[in-house]
Structures are given as structure tokens and as C-alpha cells.
Amino acid sequence: MERYHPSEVYELFVRHMNTPRVVVDNGVCATATLVQVHSARKHGVLLEAVAALSDHGVCVRKGYISSDDGRWFMDVFHVTDASGRKVADADALLARLESSLTADALPPRTPPAAAVGNGAGPAMPTLLELVGADRPGLLSEVFAVLHDLRCDIADARAWTHGGRVAALVFVRDVETGAPIDDAARVRRVESRLRHVLRGGALGARMVREDAAAVNMDRRLHQLLNEDGEAECRADQADATAVAVQDWGERGYSVVTVSCRDRPKLLFDVVCTLTDLDYVVYHGTFDTDGDHAQQLTWLGCRSSTSGGWTGGQLARRPRGGA
């Protein structure tokens, strides 16, 4: 019989207690699938849950977030597919949420083409991060340059916002299938692509770290947030209203967001708050037709986060490929 050190037993016990419990139920609500997530509080867990829903392609129609004394939280989401019907593959959605919310490690959501096999498959590709002015035919020009430089494209994803575009492109050497890590070649690729992208603080950058660790949607969100030239050009019919109230006596800031509903809206808001180092203790999310209303109670994770205004949330990028 295998014996464990007491510290190992305790670690296993804590891990079991902290493992999120996920329920996906099609029988509770007549118009939507109910998703419940119970978990010990951990910074970023709410974002992982919302990202998993976004990755699965479901739309959050209503949601509740509640934290018990800051150590335990419960999320409840009413979700539908893109057509407004209940989620047909409830078991697949349950499996995705459970795999994304494991207690000891949150597995990266990597593009299928970038996955590494058991040693026989192609090596992990190199990641290209691109930011520039959006225009018709831009991605075609980028791909033509990469083809000319003998770079094989394994996968790509792009977002646009305010006349700007951010893209993640996974590339390998076209002949060997190996990652591109030669310094001179990296500089040549970056230089050619910066010329195509026509300016911007970032332009083009090859990331020679582990591409498997990249959460693509969140990284695209961050790239557009970091791009100082991105402008908010939403028309008047799509105006976003953000209000912030300080409840200092209770240790909260209350943020109200009222805007037109769209795919990945909740993901964008939670991603922005997480990047600003804020914790959502309580919140509600509701939709009525094409209108969305969000109310969140926030706490600051650290004293170094600085001040916060509604403008940072109102300027969030819009998710989309």
C-alpha cells in the first residue's frame, strides 16, 4: 500500500476542496441553459469561466456573481447558442468549463494547429503579434510577406477596433517545420511587417516564449488596449454609458455599464477589470433584446492599482475575429 507524507495528504485535500464545481442544466429554464460555477476565490477564475463560455460560442443572456466573505464565490449564467436556443451540446460545454477551471493549473486554450504531439508532430510554432492601422486587404498583404519570407502559417486570429487591428499569427519555417528563432531572420520578418502595418507603438513582434501559454482572445484584448492610437468611433446609436460610484465605507466601487449587447461583451468587461487588477465580488448581467445592463461591485486587489475611472471601461476593445 502506497503511503503519503502528511503534507502531501493535506495538499491533496486542499486541492480537492478548491476544485470548482460546475453544473450545466437544460431543465431549469424554459428559454436558456443554466450554468453554475462554485469555486474558492482565486484571482482570474471568473475570467476563465467567462472565457470558456466565449470559446464555446455561447451567448450569456443573464448572469449573477456572488462572493461569500471574499473566500468563496458562485457564478450563475443563463446562456444560449447564437440562434437564441438552449445549448444542445451541454456535456461538451460542461467538459470545457471543467477543464478550464482545474484547481492546480488552468490549461491554455491553444489553436489546434499549434498543439504539440507526442514527439512525432511538428514543433510548437513561433507567435507573431501584430498591431496596425486597419484597411481592406491588410491580412492578405501580411500573409503574402510571410509567404515570401518562407514562413508557414499554422493559425491566425485578428480583432479590429476604432480603425486599428490586432492579430496573432502562428508561424513555422516552411521547409523544416521548426520554430523561427534565428535572430537575424526574426528582425527581417519584423521589419517587413512593420512596413506593411504602417506605424503603431508595437507594429510587429515575434514572441519566442512558449506559444502554448497564450490565451488568444485575452492577448488580442490586451494588444488593442495597449495601442495608444486606437480610437473609439462608436456611433451614437451604439453609445456606451459607464458610471462609477465609490462606496468607501463598504470597501467597494460600484460600476454600472449600459450598452448595446454583442458577442463577447461580458468577456471584454471582465478581461478589462482583471487587467486593471480589480476583483469582482458581486455582480449582475442582464439583456433585453439588443440592450445589455451590467452592475458590478469591485474591490482593488492591491494598493498599487491607482485610480480608476469609467472611461477605461468605455474604451474597451470589441472582441471579434
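Predicted model: local features only at pLDDT ≥ 70, side-chain atom pairs only at ≥ 80, totals over all residues.

Me: How many bridges join strand 5 to strand 7?
Reply: Eight bridges, with the two strands running antiparallel. Strand 5 also pairs with strand 8, again in the antiparallel sense, over four bridges.

Me: Is strand 5 enclosed or open to the outside?
Reply: Seven of its eight residues are buried, so strand 5 is largely enclosed by the rest of the structure.

Me: OK, zooming out. In what order do the four strands of the sheet come?
Reply: The order is 6-7-5-8, in an open sheet with antiparallel pairing. At the edges sit strand 6 (151-161) and strand 8 (204-207), each of which pairs on one side only. On average, neighbouring strands here are turned by 15 degrees against each other, ignoring direction.

Me: How many bridges are there between strand 6 and strand 7?
Reply: Ten, and the pairing is antiparallel. Strand 7 covers residues 164-173. For an example of residues facing each other, Asp152 stands opposite Arg172 in strand 7.

Me: Which strands does helix 4 touch?
Reply: Helix 4 (residues 138-148) packs on the sheet and touches strand 5 (126-133), strand 6 and strand 7. The direction of helix 4 makes about 155 degrees with that of strand 6.

Me: What about helix 6, which strands does that one lie across?
Reply: Helix 6 (residues 216-226) lies across strand 5, strand 6, strand 7 and strand 8. Relative to strand 7, helix 6 runs at about 130 degrees.

Me: Is Cys59 buried or exposed?
Reply: Cys59 has a relative accessible area of 17%, under the 20% cut-off, so it counts as buried. Cys259 is buried too, with a relative accessible area of 3%.

Me: Last topic, the whole protein. How many helices and strands are there?
Reply: The protein has eight helices and twelve strands. It has 321 residues, and 43% of them count as buried.

Me: How much accessible surface does the protein have?
Reply: About 16400 Å², with 51% of that belonging to carbon and sulfur atoms.

Me: And what share of the contacts join residues at least 24 apart?
Reply: That share is 70%, taken among contacts between residues at least 6 apart in sequence.

Note on methods. Residues numbered from 1 in each chain as written. Heavy atoms only, no water. Pairing = 2+ DSSP bridges. Axes fitted to C-alpha atoms, helices over the stretch in contact; angles between N-to-C directions. Contact = heavy atoms within 4.5 Å. Buried < 20%, exposed > 50% of the residue type's maximum accessible area, 1.4 Å probe, protein only. Areas by Shrake-Rupley, 256 points an atom, 1.4 Å probe, with all protein chains shown as cover.
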